[in-house]
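Please look it over before reading on.

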Amino acid sequence: MTIIVTGGAGFIGSNFIFYMMEAHPEYKIICLDKLTYAGNLSTLKSVMFKPNFRFVKLDICDREGVYHLFEEEKPDMVVNFAAESHVDRSIEDPSIFLQTNIIGTSVLMDACRKYGIVRYHQVSTDEVYGDLPLDRPDLLFTEETPIRTSSPYSSSKASADLLAMAYHRTYGLPVSISRCSNNYGPYQFPEKLIPLMIANCLSNKPLPVYGKGLNVRDWLYVEDHCKAIDLVIHKGNVGEVYNIGGHNEMQNIEIVKLICKDLDKPESLITYVTDRKGHDMRYAIDPTKIHNELGWLPETKFADGIEKTIKWYLDNRSWWGEIISGEYQKYYEKMYSNR
Ligand code: NAD
Ligand code: DAU
């Protein structure tokens with residue numbers, strides 16, 4: 001079995017590669033990644049020289065390059081993590097989100113049609129369902145919840161999902177889609193809530209909480225997401241969507257206070273800043289389908305997952321220290337100064 005994992009130098013893609021190489025040592029894994037600001041080759045150093053791993057620096061929008069790789073490797077499966085993934089950046093400038101997340105997905109699926117494939121898996125997000133009100137804890141996103149996006153990011157992801165379903169119906173492409181809630185864990189880029197707050201705490205910098213910090217996200221440890229995708233690509237039905245989430249809803253402010261407590265930093269570092277435009281209030285996944293059909297359940301409790309994550313960032317300061325000392329400084333200035 002040869003699997004192309006796109007976006008494998010990013011947060012979830014790299015964790016997926018590590019998981020798959022342990023779980024299926026007989027598979028060949030090819031990581032296709034453009035190495036944007038969010039991709040980091042050093043993340044993959046533990047697998048880089050394994051005989052059943054290959055890294056290819058390539059843009060998923062580069063049709064010729066993608067076709068050439070398919071001709072060479074004849075993959076059985078493609079798991080597409082490659083994307084522009086940060087909502088705030090999509091609000092600043094949507095264009096690259098449309099290019100990578102929509103056009104790139106279509107190029108990958110065209111290659112799958114041309115060369116044949118057992119499975120094309122699209123890694124999607126709960127954000128395609130829009131948001132839920134805070135005062136209706138009974139409401140959850142199911143696979144039947146209508147698409148109702150809020151940001152350019154989620155709209156681009158929803159467009160890719162629609163295209164994937166269209167390729168299945170029109171061309172019979174064996175496609176599956178998973179829609180997961182917020183992930184946390186090792187190797188997450190420090191622009192995202194949890195690593196940003198850990199990094200700022202460790203530098204005694206203000207902790208910028210958007211609005212009142214009451215927005216709710218449904219947090220899942222990244223390895224549980226990887227296990228779910230492994231199940232979907234092997235046992236899930238083609239032409240279907242699987243929601244992935246761990247019934248672990250938390251307000252942003254609760255998370256930030258927990259990080260302060262764990263790192264023994266004062267809550268006075270918390271600074272309430274101007275809210276994100278169009279900020280989704282609450283995400284909450286109903287994972288009944290993947291549980292009933294594929295037997296998936298999250299295994300990592302939040303209390304353990306966040307401990308492991310904080311420890312990882314403490315033990316791997318050079319990984320994120322290097323990132324935040326470079327181009328990221330300019331981004332941080334632009335997004336957070338005078339906010
Ligand atoms: P990330 O930003 O950490 O990584 C994205 C990776 O894709 C990077 O390595 C980057 O270099 C690569 N990439 C970007 N554009 C590319 C292109 N044109 N060609 C090839 N490679 C390209 O993202 P992440 O948080 O790991 O998310 C991975 C996927 O999972 C995304 O599709 C995202 O929408 C989805 N997702 C993320 C979460 C989450 O909580 N992070 C939750 C649900 C779904
Ligand atoms: O739900 C899945 C999605 O989760 C994925 O599709 C996205 O790729 C991923 O980035 C994530 O999106 P969010 O917007 O929920 O994640 P983020 O870490 O950017 O923000 C989490 C919450 O924290 C959100 O309500 C905004 C808030 N926030 C974020 C940052 C970066 C702050 O209050 N302050 C911050 O500095």
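The text below covers the chain as a whole and then its two ligands.

This is a predicted model, in which local features need pLDDT of at least 70 and side-chain atom pairs count only at pLDDT 80 or more, while totals for chains, interfaces and linings use all residues. Residues are numbered from 1 along each chain as its sequence is written, chains are lettered from A and ligands numbered from 1 in the order in which they are written, and side-chain values use heavy atoms, with hydrogens and water left out.

**The chain**

The chain holds twelve helices and 13 strands; these are DSSP runs numbered from the N terminus, with helices (H or I) of at least four residues and strands (E) of at least two. Its C-alpha trace spans about 55 × 45 × 35 Å along the principal axes. Of the 339 residues, 59% count as buried, meaning under 20% relative accessible area (1.4 Å probe, protein chains only).

**The ligands**

Ligand 1 is surrounded by 28 residues, the closest being I12, D33, S85, Y153 and K157. Around ligand 2 there are 25 residues, of which D126, Y153, R276, H279 and Y336 come nearest. A residue is counted here if one of its heavy atoms lies within 4 Å of the ligand.

The table lists polar contacts, that is, pairs of N or O atoms within 3.5 Å.

| Ligand atom | Protein atom | Distance |
|---|---|---|
| Ligand 1, oxygen | I12, backbone | 2.8 Å |
| Ligand 1, nitrogen | I60, backbone | 2.9 Å |
| Ligand 1, oxygen | F81, backbone | 3.1 Å |
| Ligand 2, oxygen | E127, side chain | 2.8 Å |
| Ligand 2, oxygen | Y153, side chain | 2.6 Å |
| Ligand 2, oxygen | L193, backbone | 2.8 Å |

Among the contributors, β5 gives the most, with three residues. For ligand 2, α6 (193-202) and β8 (207-210) each supply at least two shell residues.

Technical notes. Polar contact = N/O pair within 3.5 Å; in protein donor to acceptor, adjacent residues only side chain to side chain. Buried < 20%, exposed > 50% of the residue type's maximum accessible area, 1.4 Å probe, protein only.
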